[in-house]
Amino acid sequence: LIVVVFALRYYRGYQSDVRPELVAEAGVLVSYLAFNGVVSGIFIGWRLHTLRVYRTGPTENLSL
């Protein structure tokens, strides 16, 4: 997933340098914002799930 995100962001940066008029289009901007929102949601959800499992998981006393 990280490689895909890197590749897509790299491609968008390349396109904004080669064709700056493309970045100003509303559809391109909305799709970029939607992509970033989905990726952010995936990572935030993943971290919240990890935190929930950590807090509510079974515990074990490891002291001697």
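This is a predicted model: local features need pLDDT of at least 70, side-chain atom pairs count only at pLDDT 80 or more; totals for chains, interfaces and linings use all residues.
Biologist: Which residues of H1 and H3 make the contact?
Modeller: H3 contributes Tyr 32, Phe 35, Asn 36, Val 39 and Phe 43. From H1 come Ile 2, Val 5, Leu 8, Arg 9 and Arg 12.

Biologist: And how many residues of that contact are nonpolar?
Modeller: Two of the contact residues are charged and one is polar. The nonpolar ones number seven.

Biologist: Stepping back, how many helices and strands does the protein chain have?
Modeller: Read from the N terminus, the elements run α-α-α. That gives zero strands and three helices.

Biologist: What radius of gyration does the protein chain have, next to a compact globule of 64 residues?
Modeller: The C-alpha trace spans about 65 × 20 × 10 Å along its principal axes. A compact globule of 64 residues would have a radius of gyration near 11 Å. For the protein chain, the value is 19 Å.

Biologist: One last thing: what percentage of the residues in the protein chain is buried?
Modeller: A residue counts as buried when its relative accessible area is under 20%. Of the 64 residues in the chain, the buried share is 8%.

Terms used. Residues are numbered from 1 along each chain as its sequence is written. Side-chain values use heavy atoms; hydrogens and water are left out. Contact means heavy atoms within 4.5 Å. Helices (H or I, at least four residues) and strands (E, at least two) are DSSP runs, numbered from the N terminus. Ala, Val, Leu, Ile, Met, Phe, Trp, Tyr, Cys and Pro count as nonpolar, Asp, Glu, Lys and Arg as charged, and the others, Gly among them, as polar. The radius of gyration is taken over C-alpha atoms; the globule rule is 2.2 Å times the number of residues to the power 0.38. Buried means under 20% relative accessible area, exposed over 50%, partly exposed in between (1.4 Å probe, protein chains only).
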